[in-house]
Amino acid sequence: MEGTRTRDDGIPDRLTLHVGDEGKLLERARARPRPTELVVSPVELHQRNVQRRLREARLPKDAFRFEDPVGICLRVLERAERPTAAVDRVDRLSLIRSINDPPAGDGSTDRSLPTGVQSHDPRRLEQIRTAVEATTNFHPERIAAWTETAGELAGPIGDESTALLDAGVGIERELRELTAKAVSETALLRRATRTITATNGSAWAEAFPNVDRLTLLGLSSLSAPHTDLVHGLLAATSVEVDIHFREGTGEYLRRRAPDLLAVADPGTEALE
């Protein structure tokens, strides 16, 4: 089923939303001297499926360059001569463990954590940090919205929601104090988004001079970091963006897209 939009439904003109219907991509397959479309998915399997369908249909792949979100952001940052080093998950867990090692004999840390979460469980703390990052991208408007919503929830539910946000932001802040690298690869998406908008799209044009379309495939959700990257591209470049949501959650996400894109200054961080 193909996504449709109207001029007044809150979706930018150069953004087309689909539920499934990845066959549309194959219709654009043709011989090219260089790629003009970036085909991006967080999960490599979706890219392999498209490549397989192109082979089976004996269609050329020349028009497409297959990447993941981090890959395209690394290229933007490299061309803009911005730092690209990021802490990997193993090192991040080690840093979180060091943050939460209690003072000698103390047996506790100062940070307030959600009920049932132990300060000596770095994997659970990293899950919380990652969830807050995916939901807010540490953008001040989204953090404020989370705080406001949590304040309206009754009793323990609201308290737990506030505690999750505070823990995620707190862990992120402490990690930044311990390393000069980006805390995560997702931080590189934010950095690339800011670079694209701050340069009025020239950083993108340097990185991908021939690309006029970005296609995101196989999304069962639309995280805040990916939303902000799309928003930044639409605001600062002339690139067309197609997003293909997966069946099941696709219709809901398509309805939610205007709200997801509504924040100002994509890539801005409340922690700066």
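**Strand pairing, core and loop residues in a predicted model**

Arg28 lies in the loop between helix H1 (23–26) and strand E2 (37–40), where helices (H or I, at least four residues) and strands (E, at least two) are DSSP runs numbered from the N terminus. The model is predicted, so that local features need pLDDT of at least 70 and side-chain atom pairs count only at pLDDT 80 or more, while totals for chains, interfaces and linings use all residues. Residues are numbered from 1 along each chain as its sequence is written, and side-chain values use heavy atoms, with hydrogens and water left out.

Arg28 counts as buried because its relative accessibility is 17%; buried means under 20% relative accessible area, exposed over 50%, and partly exposed in between (1.4 Å probe, protein chains only). Apart from its neighbours within four places in sequence, Arg28 is in contact with Glu37, Ala63, Phe64, Arg213, Thr215 and Asp242, contact being defined as heavy atoms within 4.5 Å.

The chain has 11 helices and five strands. Strands are taken as paired if DSSP finds at least two bridges between them. Strand E5 (residues 240–245) has five of its six residues buried and is therefore largely enclosed by the rest of the structure. E5 pairs with strand E1 (residues 15–19) in the parallel sense over five bridges, and Leu17 stands opposite Ile243 in E5. Strand E4 (residues 213–219) also pairs with E5 in the parallel sense, over five bridges; here Val241 in E5 is the bridge partner of Leu214. E4, helix H10 (residues 224–236) and E5 make a right-handed β-α-β unit, the hand being right if, with the strands pointing away from the viewer, the path from the first strand over the helix to the second runs clockwise.

E4 is itself mostly covered, with six of its seven residues buried. E4 and E2 run parallel and are joined by four bridges, and Val39 stands opposite Thr215 in E4. Thr215 is also one of the contacts of Arg28.

The largest nonpolar core has 38 residues, of which Leu15, Ile72, Trp204 and Ile243 touch the most other members. Such a core is a set of buried Ala, Val, Leu, Ile, Met, Phe, Trp, Tyr and Cys residues joined through side-chain atoms within 4.5 Å. Beyond its neighbours within four places in sequence, Trp204 is in contact with Leu38, Ile72, Val76, Ile196, Val211, Leu233, Thr237 and Val239.

Two residues other than glycine have a positive phi. Phi of Arg58 is near 55 degrees; Arg58 is found in the loop between helix H2 (44–56) and strand E3 (64–67) and counts as exposed, at 78% relative accessibility. Phi of Phe138 is near 55 degrees; Phe138 lies in the loop between helix H5 (122–136) and helix H6 (140–152) and is buried, with a relative accessible area of 0%.

The C-alpha trace spans about 70 × 40 × 35 Å along its principal axes. Of the 272 residues, 47% count as buried. Among contacts between residues at least 6 apart in sequence, 79% join residues at least 24 apart.
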